[in-house]
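Work through the following exercises with the sequence and the structure side by side. Each task is followed by a solution that goes step by step.

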Amino acid sequence: MNEIAKPETFFGACPHDCPDTCSMLFEVDDGKLLSVRGNPDHPMTRGGLCVKVKNYEERHYHPDRLLYPMKRVGPKGSKQFERISWDEALGTIVERWTDIIEKHGPQAIAPYSYLGHQGLVHGLNGGDAFFNRLGASVMERTFCGEGSCTAWLLTLGPTAGLDPESYIHSKYIVIWACNSVSTNLHHWAIVRDAQKKGAKVVVIDAYASRTAKSADWHICPKPGTDGALAMAIINSIIEQGLVDQDYVDNYTVGFEELKERAATRTPEWAEEITGVPAADIRKLAYELATEQPAAIRMGVALERHYGGGQTIRAVSCIPGLTGAWRHVGGGVTQFPVWEHPYKFDVICRPDLIPEGTRVISNLQIGRALLGEGLSDGPPIMSLMCWNSNPVTQAPETDKIVEGLMREDLFMVSAEHFISDTASYADILLPASMGAEMEDMILSWGHLYLTYNTKCADSPGEAIPNNEIFRRLAARFGFEEENFKWSDTECLERYVDWSSPPARARTSTT
Ligand code: SF4
């Protein structure tokens, strides 16, 4: 009797731009992904996946998946493409880029990527070393966490902050500008458990989100006024004599300057700006200082307004004033990534950037494509996009589309589907996804680095992003070691594996 092969199970990780980075289990039979489920053994994500990836295998084999390299055969944006070979696709790219470099210099080529994939190998920074070596313009990723991260580093330094798992020990939890129930659900599960144990959960948000509706207290400031609220909390903690002076004296700097700055930011002053009653601000300040351990979870929305960085700075000062850091479950969480032992100098190779290379803000890609605000250097004559869809995600869509419609712009897109941006490409490259490539997926919502096994075959002729850059580097004759490492070898070198477990725990589950 013939033995019937059974499907095998492999560890995976959700690669989406999401704080949770869920640990997954891939069920695979003969190179085909059969199903995806949550890994119940992961201490943070505990077997839960959100609706976005519940049917992840269907996305792998979706009929619209881009399977082969293609070239544009109709007007830009018309989505008229024709299948070509990898040899022709890469040959065309090298020929066009070589021509552009000869005529305009390498800075006329611009890369564009973001967190469409959170892997160390195939994700955000996957093509950086290649484009740095090419001498292309540097595309600064000013999106999203840039203001928040700068504020955090200025205020608290490169520390992970409060471990999201330790909220189970908190007695007082403030979730500030984050709809955790919908967008950080595994942390919400911990908050919920703490709430069941008696912790008071306060949500500060400008609308009654699902999270706010589950809170013990919803404080509802006017949009964009969180900084004023934070300063009034600081004022009130000081005015009510609730400062942990011993902690301030021994573990902080700048208290006198902060006290002076906050002196006029009274709860009454903030009430005018925020609409939150002064009495509520005093009560919140009192409880934050006296109900220890007190935790503050800042959401990404907190920086999404003018002065957002300064808001993050003000909120980040609160646990230092109250001494909340003394307690397990006390402190503040931003993105707990700063102690993760990634070796970005090896991943990105900034040493390969030619001196004087210009920097373009990815927020202003539309303007840059139209030549607006490019203070120096040549016009952008070629753009390569991967892990990103700026037409739907970056500001000034009209300018981006106008730029992508330029007949003299040569555009390359590595994608899973013909996205709004990819539809303007001259060359489309089919990229692998999820279970089709080995990687380590970082998290900005917990302290685990999660391994993703390559266990399924890519459909058609799709290949992983890193393989695209390996092949391009080979065609350009780049000799640096980076461009010859396998994905496994990249992982061995991209992480400081000697980093002690106390600094950053790593899970292969
Ligand atoms: S919650 Fe986030 S990390 Fe988890 S499956 Fe959904 S998108 Fe992926």
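A residue is called buried here if 20 or more other C-beta atoms lie within 10 Å of its own, exposed if 12 or fewer do, and partly exposed in between. The model is a predicted one.

**Exercise 1. Determine which way the residues of strand 11 point, and whether they are buried or exposed.**

Step 1. Begin with the directions: Ala-294, Ile-296 and Met-298 point one way from strand 11, while Ala-295 and Arg-297 point the other way, and all of these residues are buried.

Step 2. Because 5 of the 5 residues of strand 11 (residues 294-298) are buried, the strand is largely enclosed by the rest of the structure.

Step 3. Turn next to the pairing: strand 8 (residues 172-176) pairs with strand 11 in the parallel sense over 5 bridges, and within this pair Ile-173 has Ala-295 as its bridge partner.

Step 4. Strand 11 also pairs with strand 12 (residues 331-333), in the parallel sense and over 3 bridges, with Ile-296 standing opposite Val-332.

**Exercise 2. Identify the residues around the ligand and sort them by class.**

Step 1. The residues around the ligand are Cys-14, His-16, Cys-18, Asp-20, Thr-21, Cys-22, Leu-49, Cys-50, Lys-52, Val-53 and Leu-185.

Step 2. Sorted by class, this shell has 7 nonpolar, 2 polar and 2 charged residues.

**Exercise 3. Work out the strand order and the edges of the sheet of 6 strands.**

Step 1. The 6 strands form an open sheet in the order 5-4-16-15-14-6, with mixed pairing. Its edge strands are strand 5 (81-83) and strand 6 (109-113), each pairing on one side only, and neighbouring strands are turned by 20° against each other on average when direction is ignored.

Step 2. Strand 4 (residues 70-72) pairs with strand 5 in the antiparallel sense over 3 bridges, and here the bridge partner of Lys-71 is Glu-82 in strand 5.

**Exercise 4. Find the buried residues of helix 17 and explain how they are arranged.**

Step 1. In helix 17 (residues 397-404), the residues Ile-400, Gly-403 and Leu-404 are buried. Seen down the helix axis, the buried residues fall within an arc of 95°, so they line one face of helix 17.

Step 2. These buried residues pack against helix 15 (365-369), helix 16 (390-393) and strand 15 (410-415).

Terms used:
Residues numbered from 1 in each chain as written. Predicted model: local features only at pLDDT ≥ 70, side-chain atom pairs only at ≥ 80, totals over all residues. Near = placed C-beta within 6 Å. Nonpolar A, V, L, I, M, F, W, Y, C, P; charged D, E, K, R; others polar. Pairing = 2+ DSSP bridges. Helix = DSSP H or I, 4+ residues; strand = E, 2+ residues; numbered from the N terminus. Axes fitted to C-alpha atoms, helices over the stretch in contact; angles between N-to-C directions. Arc of directions from axis to C-beta. Contact = placed C-beta atoms within 7 Å.
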